[in-house]
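Subject: Structure handover and notes

Dear colleague,

I am passing the structure below on to you, together with my notes on what was found in it. Please read the notes with the coordinates open beside them.

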Amino acid sequence: MKLLLSSITPFVYFMISIACIESQNTRRVGDVQDAEFNDFSVPLEHSFEVDDMGRFRARGALQLKSGREPGATLSQNHLSQDDRIKLKDVAAVDGLYRIRVPRVSMQADRQADRQTSGYLTAFVRACAMVESHLSDVITLHTDVSGTLIGVSIVTLPGACGGMEVEDDVDLEVFNTTLAVMAPVTAPGPETALFLERMEQESEKKGKNPQEQKSFFAKYWYLILGGAIFLMASNSAQPPAGGGREQS
C-alpha cells in the first residue's frame with residue numbers, strides 16, 4: 001500500500017500544479033476584463049442657500065462606465081421636506097441652485113488611479129429649478145483622455161415665469177436627463193488628394209502645350225488681320241473738306 005501511494009504521489013502533484021496554473025491564468029484574464037470595463041461611482045452634490053454660500057451635500061451618485069465609449073447613469077435621493085421649503089425660499093429671493101462633481105478620469109483602470117483633483121461646478125436659478133418641478137438636464141464633458149473637464153445643468157423649462165408651485169410633492173423627486181459629451185475629432189485636410197489632383201492637372205497641361213500659349217500667341221493672325229483691315233479702311237476715306245469747290 002505504501003508503495004502504491006508513493007508511485008501515485010508525483011502524478012497527483014503534477015496534476016495539481018497544472019490545475020493551479022490554469023486557475024491563475026483564468027483569474028488574470030478576468031481581472032483584465034474587469035479593469036477594462038469596470039464601473040465606479042462618484043458623488044453628485046448640490047447646494048442652495050438663502051445667503052448664497054455654497055454648502056454642498058449629497059444629491060445622488062454617478063455611476064461612471066469606463067472603456068472605449070464612456071457612459072454614466074445616475075441614482076438620486078428624494079428631496080426632503082426641509083430641503084423643499086429651503087429651495088422655495090431660495091427661489092423667492094432669486095438665489096442659485098448649484099451642483100458639483102469631482103474631476104476624475106473615466107479611463108482609469110484601477111480605483112487608486114481615480115483620485116479626484118478638485119470639483120466641477122455648474123448652477124441655474126433656483127426659481128427655474130422650482131418651476132420645472134426638478135426637471136433638469138445634466139451634461140458631463142470629457143477631454144480626449146476621458147477626464148471630466150466640465151459639467152453643465154439646464155432646466156426644462158429654462159426660464160422663470162413667476163409660476164407658484166404649491167404642491168410640495170412636485171418638488172420631491174428629480175426628473176433628470178444625463179448625458180456624456182466627448183470631443184469629436186474634426187476631419188483633417190485631404191492634402192494627398194489635393195496634391196494628386198494638382199499632378200493630374202500638370203500632366204494634362206504637359207500633354208497639351210497648345211493650351212499653355214498666351215492669348216497673343218494663339219490669336220495673332222486675327223489680331224494682325226484686324227489691324228490690316230483698319231489701316232485699309234482709313235486710307236480709302238477722302239480727307240475732310242477735300243470735295244469742296246472754291247469760288
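Proline 157 sits in the loop between β7 and β8, and the peptide bond that joins leucine 156 to proline 157 is cis, with omega at about 0 degrees. Please keep in mind that this is a predicted model. The backbone oxygen of proline 157 lies 2.8 Å from a polar atom of the threonine 155 side chain, and threonine 155 itself belongs to strand β7. With a relative accessible area of 6%, threonine 155 is buried, since the cut-off for that class is under 20%. Leaving aside neighbours within four places in sequence, the residues in contact with threonine 155 are Val124, Ala128, Met129, Ser132, Ser135 and Asp136.

The loop between β7 (148-155) and β8 (175-181) also holds cysteine 160, which is paired with cysteine 127 in helix α3 (residues 126-131), so that the pair links distant parts of the chain, 33 residues apart. The sulfur atoms of cysteine 127 and cysteine 160 are 1.9 Å apart and form a disulfide, and the count of disulfides comes to 1. Which hand does the disulfide of cysteine 127 and cysteine 160 have? The torsion about its S-S bond is about 85 degrees, and the disulfide is therefore right-handed. The two partners fall into separate accessibility classes: cysteine 127 counts as buried at 7% relative accessibility, whereas cysteine 160, at 25%, counts as partly exposed.

Turning to helix α2, its 12 residues should span 16 Å at 1.5 Å a residue, and the end C-alpha atoms are 17 Å apart, which agrees. The buried residues of α2 are Asp83, Arg84, Leu87, Val90 and Ala91; seen down the helix axis they fall within an arc of 125 degrees, and so they line one face of α2. As background to that arrangement, an α-helix has 3.6 residues a turn, so residues three or four places apart point the same way. The cover over the buried residues of α2 includes β2, β4 and α3, while the face turned away from the buried side carries the exposed residues Asp82 and Ala92.

Two aspartates deserve a look for their backbone torsions. Just after α2, aspartate 94 takes a positive phi of about 60 degrees; this residue is found in the loop between α2 (81-92) and β4 (96-102), and with a relative accessible area of 43% aspartate 94 is partly exposed. Aspartate 52, in the loop between β1 (39-47) and β2 (57-65), has a phi near 65 degrees, again a positive value in a residue other than glycine, and aspartate 52 is partly exposed at 39% relative accessible area.

Finally, a word on confidence. The protein averages a pLDDT of 75, and 64% of the residues score at least 70. Over residues 1-37 the pLDDT is below 50, and beyond near neighbours in sequence this stretch has 5 contacts in the model. Where pLDDT is low, the predicted coordinates should not be read in detail.

Notes
Residues are numbered from 1 along each chain as its sequence is written. This is a predicted model: local features need pLDDT of at least 70, side-chain atom pairs count only at pLDDT 80 or more; totals for chains, interfaces and linings use all residues. Side-chain values use heavy atoms; hydrogens and water are left out. pLDDT is the predictor's confidence in each residue, from 0 to 100. Contact means heavy atoms within 4.5 Å. A disulfide is a pair of cysteine sulfur atoms within 2.5 Å. Helices (H or I, at least four residues) and strands (E, at least two) are DSSP runs, numbered from the N terminus. Buried means under 20% relative accessible area, exposed over 50%, partly exposed in between (1.4 Å probe, protein chains only). A polar contact is a pair of N or O atoms within 3.5 Å; within protein, one must be able to donate a hydrogen and the other to accept it, and residues adjacent in sequence count only if both atoms are side-chain atoms. The expected span of a helix is 1.5 Å times one less than its number of residues. The arc is that of the directions from the helix axis to the C-beta atoms.
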